[in-house]
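Student: Could we go through this protein together, one question at a time?
Tutor: Happy to, let us look at it first.

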Amino acid sequence: MESYNKSILCIQAHPDDTESWCAGLLTLLKGRGYSISIASMTDGSLGGIGMTRVETAACRFEEGRKAAAELGADFYCLGERDGFLFDTEEVRLRTIDLIRKVRPGIVLGHVPFDYHSDHRTAGTITELACLLSTLPNVPCQGQPLEKTPLLYRTAPLTFTDVLGFPLPPPHFFLDIGTVMGTKTKMLAHHKSQIEVMKVMHGIEDFFAYSKEYNRANGAKSGVEFAEYYWQHRGGGFRDIPLIQRELKEWIINNEKGEKSE
Ligand SMILES: [Zn+2]
């Protein structure tokens, strides 16, 4: 199989998104020798109660950094304004610069039908930044990548799309039972979100809710705790099931992993 850098970059909209949706996958890939990088496009500055925007941004950067440190991962913040993420030339270029700096073989981004506008925008920017990361005429500092990273899409908060319709079936579920402890530890750094989730979503205990969310994913796939993913297989991206092969023992409902090349 064609080789890719053993480096994965997770680009999400907010500082706690990675821990909420894909910390299990990152932990398992870490165990396979991958270097892990986590990025938040926004500063998360709307996600604070009893703190100013500036204080909230500083607090959330620290929370994200500490959570990433649990995996020995680098944490980046592109500094866009929480709740007002726009797909601009500037943020596209900074995202491409980040990809060129990290040089990942795999990128994780939000799914296009996610409930949150910032997530959808971040997903669109991530997709385009991956595609452009190889092109020498893009006015960025870093050296162009040798090949377009493989792109995977992370789950939304709910089992519905932005309009409330059922989600299309994921390409695979991932059994995260063996790494649930690490995921829980990572998420626990985002203490500022306990109050925010009460106000915004009526979620009384964010951490317990998150655990039950992973348990509900597990119930759909026959294990105790699970995450789920789509691989971006549209034009411009290679259809190589790299994660499905690297994490074969933990993959459920994988229709591609057995394909021989
Ligand atoms: Zn978010």
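Student: Which residues of helix α6 (residues 180-187) are buried?
Tutor: A word on the model: it is predicted, so local features need pLDDT of at least 70, side-chain atom pairs count only at pLDDT 80 or more, and totals for chains, interfaces and linings use all residues. Residues are numbered from 1 along each chain as its sequence is written. A residue is buried if 20 or more other C-beta atoms lie within 10 Å of its own, with C-beta atoms placed from the backbone. In α6 that picks out M180, K183, M186 and L187.

Student: Why do the buried residues of α6 line one face of the helix?
Tutor: Look down the axis of α6 and take the directions from the helix axis to the C-beta atoms. The buried residues line one face because those directions fall within an arc of 125 degrees.

Student: Which helices do the buried residues of α6 pack against?
Tutor: Here we look for contacts, meaning pairs of residues whose C-beta atoms, placed from the backbone, lie within 7 Å. The partners of the buried α6 residues are α1 (17-21), α2 (23-31), α3 (53-69) and α8 (206-221).

Student: How are α2 and α6 oriented to each other?
Tutor: Axes are lines fitted to C-alpha atoms, for helices over the stretch in contact, and angles run from 0 to 180 degrees between N-to-C directions. The two axes come within 9 Å and cross at roughly 120 degrees. Angles under 35 degrees count as roughly parallel, over 145 as roughly antiparallel, 65 to 115 as roughly perpendicular and the rest as oblique. So α2 and α6 are oblique.

Student: Which residues of α2 meet α6?
Tutor: On the α6 side, the residues are T182, K183, M186 and L187. Their partners in α2 are A23, G24 and T27.

Student: At what angle do α4 and α5 pack?
Tutor: Helix α4 covers residues 89-102 and helix α5 covers residues 117-132. Their axes are 9 Å apart, and the angle is about 55 degrees.

Student: Which residues of α4 make the contact with α5?
Tutor: From α5 come I125, T126, L128, A129, C130 and L132. From α4 come V91, R92, T95, I96 and I99.

Student: What is the radius of gyration of the whole protein?
Tutor: This value is taken over C-alpha atoms, and the globule rule is 2.2 Å times the number of residues to the power 0.38. With 261 residues, a compact globule would come near 18 Å. The protein agrees with that, at 17 Å.

Key
A residue is buried if 20 or more other C-beta atoms lie within 10 Å of its own, exposed if 12 or fewer, and partly exposed in between; C-beta atoms are placed from the backbone. Helices (H or I, at least four residues) and strands (E, at least two) are DSSP runs, numbered from the N terminus. Two residues are in contact if their C-beta atoms, placed from the backbone, lie within 7 Å.
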